[in-house]
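I opened my notebook to look up pockets, a ligand and domains. Here is the structure I worked from.

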Amino acid sequence: MRIVSARDGGLARLRLIGGELSAHAAHAVARAAVRCGSGVIDVTNRANLQLRGIRDDAHADLIDSALNAGLGPQAEGGDDIRNVMLSPLANHATRTLAAGIIAAMQNDAALHALSPKFSLQFDGGESLAMLDHTHDVWLSALDGGARFAFGLAGSMPHRVEHAPALGSVARDDVVRFVIAVLHAFLAEATQQEHRMREVLARIGVARFLAALSFDAACTTWRRAPSDASLRLGAHEMPEHDAWYVGAQPPLGRLDAATLDALADLTSSHGQGRLIFTPWQSVVLPGVAMQDTQYVISRLDALGLVTDPRHPLARLIACTGSAGCAKSHADTKADAHRLAPLLPPDTHVHLSGCDRSCAAAHPFEVTLFAVGTGRYDVHQQAQCVAHDLSIEEAAAWLARSHADA
Ligand code: SF4
């Protein structure tokens, strides 16, 4: 487990396979978060968890707790490369195939040389999937999961203007193919090249693909659209055998007591597991239809958001100055101040500096902090207003919304 230093103490990342955390493991994480740190738990935009405020003398305790809860890697040195994103509603067959990829990656010591930032996305074609993040390698089901389209250094094509898939492989060949791609990447990459886009920019896609075996005949394929609002509220599971309920912890942040309560709720009214999502939200799968309103009421009572129209479902913010020395402002506190002023249908990202850690894809509007409580407003990569207070930024957003 990687524990790095932050302004508010150690920051420990727990990688969750496909965002999944059993109720048992969730209780263990909640206990460890309090015993070893501040009890603050962030959901990341890669559907992992980060525990904050970890004391220097508690690193070994935290690592033991994670391993005992079954959250560690299968092989020493394999933690960082388990960087595979899955769709939150991925079914058992898709999760099993993804687990096969992750196990093969961990058990191949040569692949431990991959950068921790090297990322893969594996998608079963579900109606809820993050399609805007770019990945070094992505695969998405076609023909009902009999084959998987793939692409490199980009995101899954879901609009006509997107670069098409490069080809496809049969389901039975997926694990072998992914491992071959990763070895090909490491064989081509120079010491300065850590991401697929860097290698492809130098040698070209055709040369990279030359040694790989796949079917090239799916270049007109487009991924069916995803509806991000399906992450919140009650909806039928893709297999139509039960329902799920999704909720957003405000600004992706939980405390240990809330994680405990979520674990209890999925044990009593779900499948005993939580699925965290790249929207920094959580899904409770396998809820009986007649229980969904009760589960929603419990989530609301815990302070989570279950309605996609709620302002806190339309705001993200990085850690901010409370936990990051680079931040010019307390972005999370400012986002809470902005929430009641946010115009309808407006999605805003607050960033403490220009690194934009909280947003893994371009946002409609980003407020970049320039000082305590003050922000430049950026829209479509252009700075459109300078040095505004939160109230002034809210007024700017309201005018922009009225003009749209
Ligand atoms: S975006 Fe900047 S200020 Fe915010 S957490 Fe990242 S590095 Fe820190």
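My entries follow, starting with the ground rules.

**Ground rules.** I am reading a predicted model, where local features need pLDDT of at least 70, side-chain atom pairs count only at pLDDT 80 or more, and totals for chains, interfaces and linings use all residues. Residues are numbered from 1 along each chain as its sequence is written, and side-chain values use heavy atoms, with hydrogens and water left out.

Where does the ligand sit? I found it in the largest pocket. "Sits in" means that more than half of its atoms lie within 2 Å of the grid points. A pocket is found on a 1 Å grid over the protein atoms alone: it is an open set of points where a 1.4 Å probe fits, with protein on both sides within 12 Å along at least five of seven lines. I then listed the surroundings, counting a residue if one of its heavy atoms lies within 4 Å. Among them are Cys318, Cys324, Cys353 and Cys357. Lys326 and Arg355 are also in the shell. By class, the shell holds four nonpolar, five polar and two charged residues. Here Ala, Val, Leu, Ile, Met, Phe, Trp, Tyr, Cys and Pro count as nonpolar, Asp, Glu, Lys and Arg as charged, and the others, Gly among them, as polar.

**Largest pocket.** I noted about 1,500 Å³ of space, a volume filled by probe spheres set on the points. Its lining has 43 residues, each with an atom within 4 Å of a point. Asn45, Gln50, Lys117, Cys357 and Ala358 lie nearest the centre. Which strand gives the most to the lining? Strand 1 does, with three residues; strands are DSSP runs (E, at least two residues), numbered from the N terminus.

**Second largest pocket.** This one has about 720 Å³ of space. I counted 37 lining residues, with Met130, Asp132, Ala228, Trp279 and His361 nearest the centre. The lining divides into 18 nonpolar, twelve polar and seven charged residues.

**Domains.** I looked up three, with bounds from an automatic or database assignment: domain 1 (3–76 + 227–311), domain 2 (91–125 + 131–209) and domain 3 (314–403). The C-alpha centres of domain 2 and domain 3 lie 33 Å apart.

Definitions and conventions. Helix = DSSP H or I, 4+ residues; strand = E, 2+ residues; numbered from the N terminus.
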